[in-house]
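Subject: Structure for you to look at

Hello,

Here is the structure I promised to pass on. Please open it and keep it beside this message as you read.

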Amino acid sequence: MTSIMAPKEKHIFERSGPTHLIGFIDWNNPHHQRSVAASLVEGVYTLEYDRRHNSSRLAPSWWHYFNFHLEDMLIDNHGTIFCAIYRHNYPLSAPNIPSYVIAFRGTIWKDFKTMLGDMKANIRCFFNDLHNDSSFELAMVWVVEKVRLAGARNVWLAGHSLGAAMALLAGKKMAEMGCPLETYLFNPPFCSFPMGVAGSLTKAALSLVVDGRQHHDHFNALSNWYPYIFVNPADPICSEYITYFEQRDTMKEIGFGFELLEMLATQYSLRSQLSCLLGMNFGSEVPRQHLLPSAYLIKNTGQVPDSKAGLFKLPRRAYKAHKLQQWMDPYLSSQYFCYKYKYPTLQLG
């Protein structure tokens, strides 16, 4: 007799999903938009879960309740589902409803075959080579096609963790093409080392030595694109985005031209600058993925790490802070910040 394993609770929409929105979605409410985007990303995780268990019963609930249907799903070279293309059934019924949402899942650790493919993409992400990943290249074909069919205003991107990195890179490329897309990035990886004021000053100084015209053009092309970046201060994978953006305010408060230096520094990665100076190539010819001129930063303030937590509890807290489910919580406590990049100019007289 074959035993049937009970599904994981996180994959069951009725137990873990934003059920408070069923029949009550306000498409002008940013909290509702966030929850729906997160639900569609969870739908990709659950599609892959269903595939591994030869089932199709769990995933549809993650989009059906919000009047989406699954138009297609993208499969990587290892045979795993990493992306889903959703289409809304009634996109013209109310303002702000997207015609298409292209959603990417993050790393899955509990299946070796899936994890193997995901880790290859994670390594590419760390070394700023995600644009050469075959899965990303496939996804970009679909993104461009859906924008061609529906227009940039009617296409959303969404992703969690590694999937957020893919959505971010796709959003960047479309913004450079003059087609900024509404983009929801949940716990995106910040692939750089923590940098304080000294680091900003170092990068600003190196920017005067390294030819940065490519970076200037890249930043200017992206300056009017505002992706939504959802971060948890207790998550070491994404929390450095908080410092990256808050550093601008810190340097502005210092005064004496420090804001100008920070606006120069924010365009660069120290790793890329050093690679250029040393004549080495570690993806330095491509602007680092985490470098963003403008963004909406949403910080979860309801899961603050305990400063007295023991060493062995920290990994558990970090794992919880990285979970997608927090962004579907109707009682989420958060802070919202808007960062707009201003091209640094030196005024004389």
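Predicted model: local features only at pLDDT ≥ 70, side-chain atom pairs only at ≥ 80, totals over all residues.

Two packed helices are described by the angle between their axes and the distance between the axes. Start with helix α5, residues 134-150, and helix α6, residues 162-176. Their axes come within 10 Å and cross at roughly 50 degrees. Angles from 35 to 65 degrees fall between roughly parallel and roughly perpendicular, so α5 counts as oblique to α6. The crossing of α5 past α6 is right-handed.

Which residues of α5 and α6 meet? On the α5 side they are S135, F136, M140, V143, V144 and V147. On the α6 side they are M166, L169, A170, K173 and M174. Sorted by class, the residues of this contact are nine nonpolar, one polar and one charged.

Now the cavities. How many of 30 Å³ or more turn up in the whole structure? The search finds two. The largest cavity has a volume of about 50 Å³. Its lining is made of C125, N128, P189, C191, R288, Q289 and H290. Three of the lining residues of the largest cavity are nonpolar, three are polar and one is charged.

**Open spaces**

The largest pocket holds about 920 Å³ of space. It is lined by 34 residues, and the closest to its centre are Y45, T107, I108, W109 and H322. Three helices each give at least two residues to the lining of the largest pocket: α2 (30-52), α4 (112-126) and α12 (314-321). Which element supplies the largest share of that lining? It is α2, with four residues. By class, the lining of the largest pocket splits into 16 nonpolar, 10 polar and eight charged residues.

The second largest pocket contains about 440 Å³ of space. Its lining has 21 residues. Nearest its centre lie N96, A152, R153, W156 and E182. Of the residues lining the second largest pocket, 14 are nonpolar, five are polar and two are charged.

Then find C125, one of the residues lining the largest cavity. Go on to W109, among the residues closest to the centre of the largest pocket. Finish at W156, among those nearest the centre of the second largest pocket.

Best wishes

Note on methods:
Residues numbered from 1 in each chain as written. Heavy atoms only, no water. Axes fitted to C-alpha atoms, helices over the stretch in contact; angles between N-to-C directions. Parallel < 35°, antiparallel > 145°, perpendicular 65-115°, else oblique. Left-handed = near helix turned anticlockwise from the far one by under 90°. Contact = heavy atoms within 4.5 Å. Nonpolar A, V, L, I, M, F, W, Y, C, P; charged D, E, K, R; others polar. 1 Å grid on protein atoms, 1.4 Å probe; cavity = no way out; pocket = protein on both sides within 12 Å on 5 of 7 lines; lining within 4 Å. Points joined across faces, edges and corners; volume = space filled by probe spheres on them.
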